[in-house]
Amino acid sequence: MKAHGNNLSVIEQNLTYHLRRYLSSNFSKDKIKRWSFIAALSTCLFEASVVTFSLFTPQFMSHLKYSQVEINIISGLMMVGTYLTPPVFGYLSDAHGPALLALLGSILCPGYLLAAFSFEWKLNYVVMALAFFMVGAGTSAAYFCSLLTCAKIYPDRKGLSISLPVTFYGLSSLLLSSLFKLDIFKVKKNVDGVHESHIGVFKVFITLAALYLVIGLLNFVSSVIVTIEREVLFDKLAVGESSSIGGGNSQQEPVSGSNENDNSFYDDQQDEEANEQTSLLNSEFLEPLDHKTKFRRFLQDPTCKLLSLSLLLILGPLELYVNNLGSLGPIVGNGKSDIALQVSLFSVFSTISRLFTGALSDAIGTARTTYFFIIIAITLAFISFTLVSLNFIVLEIISSIIGVAYGTLFTMCPTLVATVWGFSLKFSTNHHFSQDHIA
């Protein structure tokens, strides 16, 4: 449903109207883009809490008496929330802008609140599973809001617009796992005369609930730049159509309730050279195909099939490994592995691989390079799973290899979508659809 006189949807128009008016009348476009990009990157630094799930599983077993099967159900529903909801989020983002994703991502707050009180009151694992489904869905919405905001601001620089937010997301798990090691998040108790300390799950969940409330608001503000540029370009397109029909003599009224306070922003737009292309011009307004036709061609492309197969066979098991580190630690290798160390190693090598492959991919910028990195990641994943099956004594090496494979695939998959199919208006739907296979 489109707003009257504007190609923005009614939802996007109403959600962002006052914030757009304020930003566009008080700041230049370049300043809005710069600070929106910084804000979107900043939110990525705290959005990978799902990767730290294995830190909580020992307490789920000892405090809540959950079985391994029940923990797998909880982590499985978290993965379903993370990877099966993206196609819906992608469609909503394409239709109504990423600002709607920011609001949907705010369910992280009630999700962690529900998880916190499920832990404190020792509720049934079904309640905890529901909580982590909300956490997974909220993580997906919040992260892709940040990613799409960065992608739309700098569409011609994939290393900046994709690899950098993906890398920051990878750093998030390292940052959060290190944060949870602080004494403030520890619970100390005396067991048979021995002083022990473990992670305070209730404290962590309450902190994350408060954190994601702030992250959601910041994400919403930063994503509005996409709607501002869409509105400006829709106005320009309307002016161009009017001029071609009326011989260039007709005048176009500002649309979507624009008032005199907006003049400074729109004057900046009109002062740009005629051949300058803003972030969304080529990608959203010069496409002859409708959404259904483009999406059908996307599904029929051989590259889509290769991408889907790699995600189905590799990233799913990688996620399973990460979520079960708490259970694998005592039985793989020497059985004395520190779970927090495993998560940290995984996060470090995942981040390094995201930085390296993202920078190299951005420098070379070809689909062939992207395929090459995906094949390397698949090979590394196969090696790591083989080591697990052989009960390799050093679990730290396995976690590091899996971190490299995981980070490479998560960087190369959106890069491949952008390289082959471009930053079109349907980038959200295409990329989000490819994530289904992980679940």
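Me: What percentage of the contacts in the chain with a separation of 6 or more is accounted for by residues 24 or more positions apart?

Reply: This is a predicted model, in which local features need pLDDT of at least 70, side-chain atom pairs count only at pLDDT 80 or more, and totals for chains, interfaces and linings use all residues. Residues are numbered from 1 along each chain as its sequence is written, and side-chain values use heavy atoms, leaving out hydrogens and water. With contact meaning heavy atoms within 4.5 Å, and counting contacts in the chain with a separation of 6 or more, the part from residues 24 or more positions apart is 82%.

Me: How many of the eleven residues of helix α5 are buried?

Reply: The chain has 19 helices and two strands, taken as DSSP runs (H or I, at least four residues; E, at least two) numbered from the N terminus. Buried (under 20% relative accessible area, with exposed over 50% and partly exposed in between, 1.4 Å probe, protein chains only) describes 53% of the 439 residues in the chain. In α5, Phe 89, Asp 94 and His 96 are among the buried residues, and the helix is largely enclosed by the rest of the structure, because the buried count out of eleven is eight.

Me: Which residue just after α5 takes a positive phi?

Reply: Helix α5 covers residues 86-96. Just after α5, a positive phi of about 85° is taken by Gly 97.

Me: Which residues of α17 does α16 meet?

Reply: Helix α16 (residues 339-364) and helix α17 (residues 367-389) have axes that come within 9 Å and cross at roughly 160°. From α16, Phe 356, Thr 357, Leu 360, Ser 361 and Ile 364 take part, and in α17 they meet Thr 369, Thr 370 and Phe 373.

Key. Axes fitted to C-alpha atoms, helices over the stretch in contact; angles between N-to-C directions.
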